[in-house]
Amino acid sequence: MTSSQSRSLPIPDGLHGERVDAALARMFGLSRTKAAELAEQGLVAIDFKPAGKSDKVRGGAWLEVELPPPPGAETFDVAAIAEPVPGMRIVHDDDDIVVVDKPVGVAAHPSPGWLGPTVVGGLAAAGYRISTSGAAERQGVVHRLDVGTSGLMVVAKSEHAYSVLKDAFRERTVDKTYNALVQGYPDPMSGTVDAPIGRHPKADYKWAVTADGKDSVTHYDTIEAYRRATLLDIKLETGRTHQIRVHMSALHHPCVGDLTYGADPKLAQQLGLTRQWLHAARLAFAHPATGDRVEFTSSYPEDLQHALDLIAAES
């Protein structure tokens with residue numbers, strides 16, 4: 001008998017405001033009755049909290065559900081989505097973790113509506129065996145980077161590492177440092193943005209600072225000020241979707257190239273940017289096996305370095 005399947009993924013924006021049973025039915029091809037039964041049995045969680053069948057879902061919220069297998073179906077095999085990812089560099093590899101330098105245009109793991117390359121698929125194609133904890137399509141993934149953000153990600157290879165790292169990210173003991181090139185000059189040059197982030201009131205594909213949003217804290221320091229932009233070193237206490245992009249936009253200093261959050265399209269075109277200038281540059285945490293502090297760094301990819309060079313040259 002085929003066992004049930006754990007699935008864990010973000011809720012598509014298009015389902016925002018739907019009931020839990022309706023959203024499950026649309027996402028997984030279930031009947032509304034069956035979807036309601038799963039919720040009633042305590043097999044559905046949203047943002048790590050049990051969800052009732054009539055609760056309303058929020059686009060981008062994290063869904064975890066135990067699904068019954070389709071008749072005659074085999075258990076999901078991560079090797080089935082194996083796809084090489086050109087440009088994805090292995091920064092560190094041991095028995096417990098693998099640290100990758102993710103290129104732009106690559107998702108952390110498969111999700112509805114995404115047909116492009118993923119970190120999980122790239123590791124599978126390269127022959128890496130990663131933790132089987134969590135849902136099959138995101139095995140080993142303990143944190144994510146946006147498709148349009150490049151840089152460092154750690155993936156768990158052992159079950160122990162998965163558990164320890166999930167706790168570390170939840171308890172905010174992982175140091176995540178990003179570099180961002182933002183328009184203008186933030187004042188003060190170093191500071192903290194402590195502003196809740198929630199769904200944008202008018203555009204469900206965006207996020208915004210909202211009174212009823214989730215606690216979100218971003219610390220920034222100036223690395224270099226140029227004529228039209230400032231390079232920032234940014235540390236996150238929380239890990240909300242689009243957090244840096246939303247907070248910088250709220251300060252009226254959006255990431256250069258981030259047209260979604262108000263960046264100047266002319267400047268982006270002049271610099272040859274087709275995405276936000278944002279890079280996960282450093283990652284530090286206690287190694288899940290030894291407890292020793294480990295730190296990894298990533299240099300800027302070609303598109304970001306080119307844009308930075310142009311900004312520096314004109315300054």
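How many bridges join β12 to β13? Seven bridges join these two strands, which run antiparallel. The model is predicted, and local features are given where pLDDT is at least 70, side-chain atom pairs where pLDDT is 80 or more, while totals for chains, interfaces and linings use all residues. Residues are numbered from 1 along each chain as its sequence is written, and side-chain values use heavy atoms, with hydrogens and water left out.

View 1. Strands here are DSSP runs (E, at least two residues) and helices are DSSP runs (H or I, at least four residues), both numbered from the N terminus. Two strands are called paired if DSSP finds at least two bridges between them. Strand β12 spans residues 217-225 and is joined by four bridges to strand β9, residues 191-194, in an antiparallel arrangement. Gly 191 has Tyr 220 of β12 as its bridge partner. Tyr 220 in turn has Ile 234 as its bridge partner in β13. A hairpin of three residues leads from β12 to β13.

View 2. β8 is mostly covered, with eight of its nine residues buried. Buried means under 20% relative accessible area, exposed means over 50%, and partly exposed lies in between (1.4 Å probe, protein chains only). Seven bridges join β8 to β13, and the two run antiparallel. One of the pairs can be found at Val 182, whose bridge partner in β13 is Thr 230. β8 also runs antiparallel to β14, with six bridges between them. Asp 175 stands opposite Ala 284 of β14.

**View 3. The largest nonpolar core.** A nonpolar core is a set of buried Ala, Val, Leu, Ile, Met, Phe, Trp, Tyr and Cys residues joined through side-chain atoms within 4.5 Å. The largest one has 28 residues, and those touching the most other members are Val 119, Leu 123, Tyr 178, Ile 234, Ile 244 and Met 248. Two or more residues come from each of β6 (97-102), α3 (119-125), β7 (150-156), β8, β13 (229-236), α5 (243-250) and β14. Leaving out residues up to four places away in sequence, Ile 234 is in contact with Lys 176, Thr 177, Tyr 178, Ala 180, Thr 218, His 219, Tyr 220, Ile 244 and Met 248. Contact means heavy atoms within 4.5 Å. Another core, of 20 residues, lies apart from the largest one and includes Leu 15, Met 27, Leu 30 and Ala 61.

**View 4. The cavity.** On a 1 Å grid over the protein atoms alone, a cavity is a set of points where a 1.4 Å probe fits but cannot get out, and its lining residues have an atom within 4 Å of a point. Grid points are joined across faces, edges and corners, and the volume is the space filled by probe spheres set on the points. The structure holds one cavity of 30 Å³ or more, and the largest cavity has about 30 Å³ of space. Its lining consists of His 143, Leu 152, Lys 176, Thr 177, Tyr 178, Ala 280, Arg 282 and Leu 283. β8 (175-183) and β14 (278-286) each supply at least two of the lining residues. By class, the lining has four nonpolar, two polar and two charged residues. In this count Ala, Val, Leu, Ile, Met, Phe, Trp, Tyr, Cys and Pro are nonpolar, Asp, Glu, Lys and Arg are charged, and the others, Gly among them, are polar.

**View 5. Helix α1.** Helix α1 (residues 20-28) is largely enclosed by the rest of the structure, because eight of its nine residues are buried. These are Val 20, Asp 21, Ala 22, Ala 23, Leu 24, Ala 25, Met 27 and Phe 28.

View 6. Most residues other than glycine have a negative phi, and most peptide bonds are trans. Asp 187 and Pro 188 are joined by a cis peptide bond, with omega about 5°. Pro 188 is placed in the loop between β8 and β9. His 242, in the loop between β13 and α5, has a positive phi near 60°. At 15% relative accessibility, His 242 counts as buried. His 252 has a positive phi near 70° and lies in the loop between α5 and α6 (265-271). His 252 is exposed, with a relative accessible area of 67%.

Note on methods. 1 Å grid on protein atoms, 1.4 Å probe; cavity = no way out; pocket = protein on both sides within 12 Å on 5 of 7 lines; lining within 4 Å.
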